[in-house]
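Take a look at the model below. The text that follows walks through it part by part.

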Amino acid sequence: MNKTQTNCPICDGAAKQADATTGDFLEISCPECGEFQISRTFLQVVKDHPVSVRRQSLERAKIRARYGLPPLVTSYDLP
Ligand SMILES: [Zn+2]
């Protein structure tokens, strides 16, 4: 899978991004936040939220994630 350099949508640090096989999501690999998937709708609104709120959203997604699968952060995880 092709990975491109990007800024982490959660912490704004350097991360890698790959297109997930199921179109509406991106896979992010961040040295600080780990591996997770993010919906394109979340990506569109994430810049409107401070980093602390983004981290909360990722934490919520981690709690919800099934064992062995990367967490999927969607706009529903925003407060
Ligand atoms: Zn990050």
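In this predicted model, the residues that donate to the zinc ion follow the sequence spacing C-x2-C-x18-C-x2-C. Cys 8 and Cys 33 are both buried.

Now the site itself. The protein donors are the SG atoms of Cys 8, Cys 11, Cys 30 and Cys 33. They lie 2.3 to 2.4 Å from the zinc ion. What arrangement do the 4 donor atoms make around the zinc ion? They subtend angles of 106 to 112°, so the arrangement is tetrahedral. The criterion behind that word is that all angles of four donors lie between 85 and 135 degrees.

Next comes the sheet. Strands of a sheet pair through backbone hydrogen bonds, in either a parallel or an antiparallel sense. Here 5 strands form an open sheet with mixed pairing. Their order is E1-E2-E3-E4-E5. E1 and strand E5 (72-73) stand at the edges. Each has a single partner strand, so one side of each is left without a neighbour in the sheet.

Follow the strands in order. E1 and E2 run antiparallel and are joined by 4 bridges. Gln 5 has Lys 16 in E2 as its bridge partner. The hairpin of E1 and E2 has 6 residues between the strands. Within this hairpin, Asp 12 takes a positive phi near 70°.

E2 and E3 are also paired in the antiparallel sense, over 4 bridges. Ala 18 finds its bridge partner in E3, at Glu 27. Asp 19 stands opposite Leu 26 of E3.

E3 then pairs with E4. The sense is antiparallel, and there are 6 bridges. Ser 29 has Glu 35 of E4 as its bridge partner. A hairpin of 3 residues joins E3 to E4.

Turn to the charged side chains. The count comes to 5 salt bridges. One of them joins Asp 12 to Lys 47, at 3.4 Å from N to O. Asp 12 lies in the loop between E1 and E2, and Lys 47 in the loop between helix H1 (40-45) and helix H2 (51-64), so the pair ties together parts that are 35 residues apart in sequence. Asp 12 counts as partly exposed because its relative accessibility is 38%. Lys 47 has a relative accessible area of 56%, so it is exposed.

A further salt bridge brings together the side chains of Arg 55 and Glu 32, at 3.3 Å from N to O. This pair links distant parts of the chain. Arg 55 is in helix H2, Glu 32 is in the loop between E3 and E4, and the two are 23 residues apart. How exposed is Arg 55? Its relative accessible area is 35%, so Arg 55 is partly exposed. Glu 32 reaches 55% relative accessibility and therefore counts as exposed.

Lys 62 forms it with Glu 59, and the closest N and O atoms are 3.6 Å apart. Lys 62 and Glu 59 are 3 residues apart in helix H2, so about one helical turn separates them. Lys 62 is at 37% relative accessibility and therefore counts as partly exposed. Glu 59, at 42%, counts as partly exposed too. Elsewhere, salt bridges with shared partners join Asp 12, Lys 47 and Arg 54 into one network.

Methods. Residues numbered from 1 in each chain as written. Predicted model: local features only at pLDDT ≥ 70, side-chain atom pairs only at ≥ 80, totals over all residues. Heavy atoms only, no water. Donors = N, O, S within 2.8 Å, 3.2 Å for Na, K, Ca; no water. Tetrahedral: all angles 85-135°; square planar, octahedral: opposite > 155°, others 65-115°. Buried < 20%, exposed > 50% of the residue type's maximum accessible area, 1.4 Å probe, protein only. Pairing = 2+ DSSP bridges. Salt bridge = Lys/Arg side-chain N within 4 Å of Asp/Glu carboxyl O.
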